[in-house]
Amino acid sequence: MKEVFKKAVQDKVLKKIMFFYHENPSCVDNSENIASWINEGKKDVLSRLEYLVSKQILNKDKTSATAAYSYTQDKKIIEKIALFIKGDSYD
């Protein structure tokens, strides 16, 4: 998780996505709508969503037409992200 947090400190789009999902944990949406919600470009958002899926912070559900992203249900990951967002230690 440290790697993700270090990257998020330097990557405003990644950080905005993490904050968005932490504040809206029941959100299930596609990359285009997430980009709209956080006011960032779709291409930038898509690459960050995929990165967060690879780190198990987001889940990806794919249909034939689109992919929907949702927040992890792993309580340990959520707790670490909460600490990161509050600015506390997140080791």
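A word on terms: helices are DSSP runs of H or I with at least four residues, strands are runs of E with at least two, and both are numbered from the N terminus. Buried means under 20% relative accessible area, exposed means over 50%, and partly exposed is in between, with a 1.4 Å probe and protein chains only.

Before I go on, the caveats. This is a predicted model, where local features need pLDDT of at least 70 and side-chain atom pairs count only at pLDDT 80 or more, while totals for chains, interfaces and linings use all residues. Residues are numbered from 1 along each chain as its sequence is written, and side-chain values use heavy atoms, with hydrogens and water left out.

Back to H4. Which of its residues are buried? Val45, Arg48, Leu49, Tyr51 and Leu52 are. Looking down the axis of H4, those buried residues fall within an arc of 160°, so they line one face of the helix; the arc is that of the directions from the helix axis to the C-beta atoms. Over on the other side of H4, Lys43 and Ser54 are exposed. The length works too: at 1.5 Å a residue, the 13 residues of H4 should span 18 Å, and the end C-alpha atoms are 18 Å apart, which agrees. That expected span is 1.5 Å times one less than the number of residues.

Now zoom out for a second. The protein has five helices and three strands, and from the N terminus on they run α-α-β-α-α-β-β-α. With 91 residues, a compact globule would have a radius of gyration near 12 Å, and the protein has 12 Å, which agrees. That's taken over C-alpha atoms, and the globule rule is 2.2 Å times the number of residues to the power 0.38. Along the principal axes, the C-alpha atoms fill a box of roughly 40 × 25 × 20 Å. Buried residues make up 36% of the 91. As for contacts, meaning heavy atoms within 4.5 Å: among those between residues at least 6 apart in sequence, 50% join residues at least 24 apart.

On to the core. In soluble globular proteins, nonpolar side chains tend to be buried together. By nonpolar core I mean a set of buried Ala, Val, Leu, Ile, Met, Phe, Trp, Tyr and Cys residues joined through side-chain atoms within 4.5 Å. The largest one here has 25 residues, and Ile17, Met18, Tyr21, Val45, Leu49 and Leu52 have the most contacts inside it. The elements giving two or more residues to this core are H1 (2-10), H2 (12-23), H3 (31-38), H4 (42-54), S3 (67-71) and H5 (75-86). H2 supplies the largest share, six residues. Take methionine 18: leaving aside neighbours within four places in sequence, it is in contact with Val4, Phe5, Ala8, Leu52, Ile81, Phe84 and Ile85.

Not counting residues up to four places away in sequence, phenylalanine 20 touches Cys27, Ile34, Trp37 and Ile38.

Let's look at the loop between H3 and H4, where both asparagine 39 and glutamate 40 sit. Buried or exposed, what is glutamate 40? At 16% relative accessibility, glutamate 40 counts as buried. Its side chain makes polar contacts with the side chains of lysine 12, at 3.1 Å, and lysine 16, at 2.8 Å. A polar contact is a pair of N or O atoms within 3.5 Å; within protein, one must be able to donate a hydrogen and the other to accept it, and residues adjacent in sequence count only if both atoms are side-chain atoms. Asparagine 39, on the other hand, counts as exposed at 65% relative accessibility, and has a positive phi of about 60° although it is not a glycine.

Glutamine 56, in the loop between H4 and S2, also has a positive phi, near 65°, and is exposed, with a relative accessible area of 55%.

Last stop, threonine 72, in the loop between S3 and H5. Threonine 72 is buried, with a relative accessible area of 5%, and its side chain reaches the backbone nitrogen of aspartate 74 at 3.0 Å. Its C-alpha is 5.2 Å from that of isoleucine 57, 15 residues apart along the chain. Okay, over to you.
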